[in-house]
Amino acid sequence: MKLISNCTTDAILKAARALKDGQLVAFPTETVYGIGADATNVSAVGRMFQVKGRPRTHPVIVHISSITKLKYWARDIPECAQKLGDAFWPGPMTIILKRTNLASDFITGGQESVGLRVPKNKAALSLTQEFESLGGFGIAAPSANRFGSVSPTNASAVEDELATFLGSEDLILNGDQCEIGVESTIIDCTQRNPVVLRPGAITKEMIEQVTNLTVISKADKSEVRVPGLLESHYAPKAQVILGLGAKLGDGFIALSKIATPAGSIRLASPASIEDYGKDLYRALRRGDQLGLNRIYVVEPTGPGLAIAIRDRLSKASSGKGA
Ligand code: TXA
Ligand code: MG
């Protein structure tokens, strides 16, 4: 595995060629780092699943450079998907649509739908563009963490997660700290009304405003499989407990206006909801690096991105004992 120390034009070109040759490339996006593979290459995608330790039946998101490339991967594209793409791409949004033949079972987990996203981060977008200019169609990229654990929001976190599993020709692009820090909003557009399968920075209100449709937020309305909906996903090794009860030696994460309980170790004190999203995964990782047993987290209240943060926190805190 090689770490490329920045995202220069040369580095992006090299990474695009590596992808085209069937190697894996981890890259920054505005949400979290992804571990990418050529979405039409069965063995590259197979290896990506192995590196992640993820069950093969779970679908992956295909990253493309523009809404104009949607037609290669998706068919019967409804007006609402077009409107959403026009409004929020490039950006932190994934749309689920009916697949074309290009979207094989190894991408969709055997489902008749495919998830697509145009990323906004400069390195990610350039990578999709260069990859396409080499004849590629899309980059399959789940978050660059081992299955079930916390998504990485910087390159060193990707190394911690995956370095021992990556091959000698695979690459990690060392770019920015992710700006949003929480995974993309996933919207199922295969039904009459958009269904939010995973909340993110593109909120229900934003989707309703653009589509003029009522959004259904309940993941269980849809028959698609989303591993992010499994219990104990996005979880660090430490036990995550929601609330203020941190004691001596426990980690503590809360908005900066909330005081640190005596004896606890402050892992993040974001001043805004945006900073909370950006800092959360890094703070959970820091708790693990410090070898903490418990991390207490006070959830942010309110709408918007706070909903996505509470969603991840409730998963991080489930299935881990008390
Ligand atoms: O922000 C993000 O979305 C990041 C960056 C790298 O783009 N990617 C990411 O990928 O979070 P992943 O695989 O960790 O989570 C994507 C979720 C999974 O829960 C997967 O089940 C769901 O998207 N998904 C992908 N294709 C789908 C499909 N056809 N139907 C339903 N869910 C799908
Ligand atoms: Mg993930």
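Tutor: Two strands pair if DSSP finds at least two bridges between them, and strands (E, at least two residues) and helices (H or I, at least four residues) are DSSP runs numbered from the N terminus. This is a predicted model, in which local features need pLDDT of at least 70, side-chain atom pairs count only at pLDDT 80 or more, and totals for chains, interfaces and linings use all residues. Residues are numbered from 1 along each chain as its sequence is written, chains are lettered from A and ligands numbered from 1 in the order in which they are written, and side-chain values use heavy atoms, with hydrogens and water left out.

Student: Which residue in strand 14 is the bridge partner of Gly-251?

Tutor: Strand 13 (residues 251-253) runs parallel to strand 14, and three bridges join them. Within strand 14, Gly-251 is partnered by Ile-265.

Student: Is Asp-170 buried or exposed?

Tutor: Asp-170 sits in the loop between helix 7 (155-162) and strand 9 (171-173). Buried means under 20% relative accessible area, exposed over 50%, and partly exposed in between (1.4 Å probe, protein chains only). Because its relative accessibility is 0%, Asp-170 counts as buried.
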